[in-house]
Amino acid sequence: MKRIIWGALSVCCFFAFTVNAQTYLYVSPEGNDAAIGNFQSPYRTIAKAQAEARKATGEVVIFLRGGVYRLSSPLVFTPEDSKPFGKSLTVRACSGEKVIISGGVTLDKLQWQPYKKGILKAKLSGSPVMDMLLVNGEIRHQARYPNYDASAIRFSGTSADATSPERVKTWKNPAGGYLHAMHRSDWGDFHYRITGKDKKGKLEMEGGWQNNRQSGLHADNRMVENIFEELDAPGEWFYNSAEATLYYCPQEGEDVAKAVFESPQLKHLIEIRGNEANPVRNISVEGMDLTQTVRTFMEEYEPLLRSDWTVYRGAAVLIEGAEHCAVKNCHLYDLGGNAVFFSKYNRYCEVSGSHFTRIGASAVCFVGNPDAVRSPSFEYRQFVPVEQLDMTPGPKTNDYPAYCRVSDNLIHQIGLYEKQITGVELSMCRAITISHNSIYDTPRAGINISEGTWGGHILEFNDVFNTVKETGDHGSFNSWGRDRFWHPVRQQFDSLLNNSALKKLVLADAIETVEIRNNRFRCDRGWDIDLDDGSTNYHIYNNLCLNGGLKLREGFYRVVENNILLNNTFYRHAWLRENGTVFTRNIVMLPYERPAGHDTRGTFIDCNIFTDSVTYRTALEYGTDEHSIVSKVEFMNPATGDFRISDKSTEVFRMGFQNFDMNQFGVQSEHLKAIAEKPQMSLLVYHSVMSSADILTWDGIQLKNLETLGERSVTGMDTERGVYVVAVAAYDSHLRDYLKSNDVILGFAGKPVNHLDDLYQAIAGADLKKPQNMVIFRDQKSHTTTIRAGVIRSNIRK
């Protein structure tokens, strides 16, 4: 038997292809393109194997032997590489061997010399692109102000004086530097390249096109980098291109003589390029590392219709005009821009089983061609006059992604350089399935849908948490729906609703229902689920919302049922009449927010389950929930994340609530499950068992004395002391930058805090016009954070 197997393997190893059967080609960094391309005599370049694969008519597998493949240009697959139906071209790593596809170069033969103040310098040869620097596989930061601080909220450190005239005067020649700033309302970010400064010391810059809401820069949240005079911290670097000299401040204990220095050179690593008329078919990239691309925030960006986004149409893996193409079981990391981008026409493509981390922008994007959209507008205030609107439903062309899948991927620590990003982005596409992904540690939403065009998406079994970490007014899931029917002036909607012909436009773009089901969401700085302006045609059910509740802004035909809103509630913003929204059979634990400019006519908000009478009475006061109930809800095992309802809660089941699976959230592959994190489980707060004095509010933050063993357990505190943060439920509160659910406040303004009264007195006695220190217990240890002057607007409400 062994001889038979060896004989079969020998055929594969010693012959490059077999007639009418699978063709095996081998590549190795130690190979030779003059070789025959088998296991013993592999090619050296993937391009050579690709050329040979084009000659084969059947199934082809290009096996990559272990090692680093440094690309001087992207690998490009065209229709010439396609395989017929039932056949495929697979490029994969050999089993058990680590294959790295890199867009970077090593900076060899560096002769380091002392400069001053611990800074070293070395000449570079060959004029490499010096946009990013990695030392021993770790990203280093350009010389910046303020210095890098991993604990800081935005850009790892910001300051109002980053571009002050006093600081700019200290820069001899800032040309080539960058200004990174948050949107004035924290709706994403902006980036500028500094081109110089005028005689008065004012910076001259170009940029600012990375955000589609042009409302100006945040006054405080700014950071500058690539400024020589700011080279003053371990791990920082600066490259003087005129002198071809790299300046570097080593980290403590770092031996630069032995360290490996690398710099990314390419924007893209792999491109699959076709079109609808001549697509690339049946190509799969599997089992390899994809790493080191340059940052792209200063490339050409385009607006995604009237959403808040603009986007660079490119990525480490760019797929355009493809059918049945896939990225599987890959590790994508240390990328300067997007990781995977499906552009324009794509059908039945897939990203699965992959690990995305340390990504400069978004992980996976699906973005169609705006030319496929009827009557498009491209900025919040823009609109097409009613008499000029194309009334035909659906897209004009097929030039958009559809019927594709993103499943079983681990996505975290993304948005290193850009903040208007997401784990999975959908824009001008249709019927995309996002399933069993674990997405966390993101500066904005974990999953984002930019507009209604053209719906039909399925979001299921995802685990999305630790999101909106650097921005605001957003959720773990976020959507907009500023489609043809939507108008920036509310009064214009009235004419729409009064005209039956025009009202048909509501579903002219959102032609298929988006289903959000069986997911677990947690957002500590926004909503768990946020359907913003115009979001229309959604069915949201069987979701576990751990902290941030659920928000619906104006839009039409949303059915929200059988969801669990832990320690939070349902938010209604700016509703239009006759909008067809249904909110029923949901478990609600906090009083509804007072509706903001809404109209409940033509909606159904009823038959829900409230966990206390105060919360229920509030709903009745707002004219909803006549047939809802108040019931004690017993969950099976909240501490472990099992929020199925116990059989003891019979009233809950009589209202029609049905349990759903709590064990299917997130990634399913064993190698990803082993390293994926899970969200924090909050201590449940039932208002019915508390007096009115138990929970107090401080600028939207809900607080109580830490006084039970359960509260000690969930926070990790040693004794029952301090002020426990129950929920961060006010999204306009600046305190959300400093506090999150399950924090314990132990000190304020230099005074110990053991009870709410201590905190009240400390706030009352502090000069709030000055920065104040606050001691917080989080993650099993105490932290001291400084609250900026003017952030605290009021004391605790008693």
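**Figure legends: overall view and close-ups of a predicted model**

**Figure 1. The whole protein.** The protein contains eleven helices and 65 strands. The model is predicted. Along the principal axes, the C-alpha atoms fill a box of roughly 80 × 65 × 65 Å. The radius of gyration is 28 Å, which agrees with the value near 28 Å that a compact globule of 798 residues would have. Of the 798 residues, 60% are buried. When contacts between residues at least 6 apart in sequence are considered, 67% of them join residues at least 24 apart.

**Figure 2. The buried side of helix H2.** Helix H2 spans residues 46-53, and its buried residues are Ile46, Ala49, Gln50, Glu52 and Ala53. These residues cover an arc of only 165° around the axis, so they are on the same side of H2. In general, an α-helix has 3.6 residues a turn, so residues three or four places apart point the same way. The strands that the buried residues of H2 pack against include E1 (23-27), E2 (60-64) and E3 (67-70). Strands E4 (75-77), E5 (89-93) and E6 (99-102) are also among them.

**Figure 3. The surroundings of Val560.** Val560 is part of strand E49, residues 558-561. Its relative accessibility is 0%, so Val560 counts as buried. Leaving aside residues up to four places away in sequence, Val560 touches Ile540, Leu550, Leu552, Val582, Phe583, Thr584 and Asn586. One of these, Leu550, is ten residues from Val560 along the chain, and the two C-alpha atoms are separated by 9.5 Å.

**Figure 4. Two cis peptide bonds.** The bond from Tyr145 to Pro146 is cis, with omega near -10°. Pro146 sits in the loop between strand E12 (144-145) and helix H3 (165-168). Thr453 and Trp454 are also joined by a cis peptide bond, with omega about -5°. Trp454 belongs to the loop between strands E39 (447-449) and E40 (458-460).

Figure 5. Asp473 is not a glycine, yet its phi is positive, about 55°. Asp473 is found in the loop between strands E41 (463-465) and E42 (475-479). With a relative accessible area of 29%, Asp473 is partly exposed. Ala574, not a glycine either, has a positive phi of about 55°. The loop that holds Ala574 runs between strands E51 (570-572) and E52 (582-584). Ala574 is buried, with a relative accessible area of 12%.

Definitions and conventions:
Residues numbered from 1 in each chain as written. Predicted model: local features only at pLDDT ≥ 70, side-chain atom pairs only at ≥ 80, totals over all residues. Heavy atoms only, no water. Helix = DSSP H or I, 4+ residues; strand = E, 2+ residues; numbered from the N terminus. Rg over C-alpha atoms; globule rule 2.2 N^0.38 Å. Buried < 20%, exposed > 50% of the residue type's maximum accessible area, 1.4 Å probe, protein only. Contact = heavy atoms within 4.5 Å. Arc of directions from axis to C-beta.
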